[in-house]
Amino acid sequence: MTLELVYETHSITEDNEAGIATGWLPGRLSPQGRALAAELGRRRPASGFAAVHTSDLARAVETATIAYAGSDVPLHLDARLRECDYGTLNGAPVAELARVRREHLDEPFPGGGQSYRQVVEATADLLEDLRRDHDGQRVLVIAHSANRWALQHLLEGVKLEHLVDAPFDWRPGWEWTIA
């Protein structure tokens with residue numbers, strides 16, 4: 001009994017290109033991001049997945065919608081896959097956020113934000129549902145950098161402290177087989 005989990009980050013946004021940490025703001029894909037979302041659909045065809053689970057934030061939904069337009073793969077939007085809520089730093093420059101990320105492993109960001117451990121907890125809760133609902137299947141998750149860190153922490157045992165300090169290392173997806 002296993003779950004095959006494929007993880008992709010949402011495509012490039014206007015905020016990414018401008019050096020803005022979008023957080024819980026919706027964000028919008030840039031022209032390059034829309035092209036990359038279409039490429040995702042070609043690189044990882046819908047026929048390979050029992051379902052696609054995505055963050056309910058606009059940039060992730062837009063990525064999934066472009067990638068799988070016209071397919072019949074079920075698309076599930078889930079707030080547990082949202083980026084970390086940076087509170088008053090939603091929409092701040094990435095460099096400003098990077099300086100204080102480590103301070104928010106356990107302490108929520110000011111202004112009603114979350115901690116990174118809260119993202120880990122939400123991601124762990126989602127993983128339990130995926131294991132139950134998709135046993136023996138292959139599913140795609142489209143979300144954000146904090147969720148990828150949460151998965152690496154939960155599934156690979158990488159310390160969260162190391163993940164939040166490291167530069168974002170984009171690549172075309174990550175895959176795990178979960179027993």
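Helix 2 (residues 31–43) packs against helix 3 (residues 58–67) at an angle of about 50 degrees, and their axes lie 7 Å apart. This is a predicted model, in which local features need pLDDT of at least 70 and side-chain atom pairs count only at pLDDT 80 or more, while totals for chains, interfaces and linings use all residues. Residues are numbered from 1 along each chain as its sequence is written, and side-chain values use heavy atoms, with hydrogens and water left out.

**The helix pair**
- Helix 2 is therefore oblique to helix 3, a term for angles that are not under 35 degrees (roughly parallel), over 145 (roughly antiparallel) or 65 to 115 (roughly perpendicular).
- The contact (heavy atoms within 4.5 Å) is made by R34, A37, A38, L40 and G41 of helix 2 together with E62, T63, I66 and A67 of helix 3.

**Residue D78**
- D78 lies in strand 4 (residues 75–78), where strands are DSSP runs of E with at least two residues and helices are runs of H or I with at least four.
- D78 counts as buried because its relative accessibility is 12%, the cut-off being under 20% relative accessible area with a 1.4 Å probe and protein chains only.
- Leaving aside residues up to four places away in sequence, D78 touches T54, S55, D56 and L126.

**Residue G23**
- G23, found in the loop between strand 2 (20–21) and helix 2, is buried with a relative accessible area of 2%.
- The C-alpha atoms of G23 and Y86 are separated by 5.7 Å, although these residues are 63 residues apart along the chain.
- Not counting residues up to four places away in sequence, G23 touches L57, R59, E83, C84, Y86 and N90.

Methods. Buried < 20%, exposed > 50% of the residue type's maximum accessible area, 1.4 Å probe, protein only. Axes fitted to C-alpha atoms, helices over the stretch in contact; angles between N-to-C directions.
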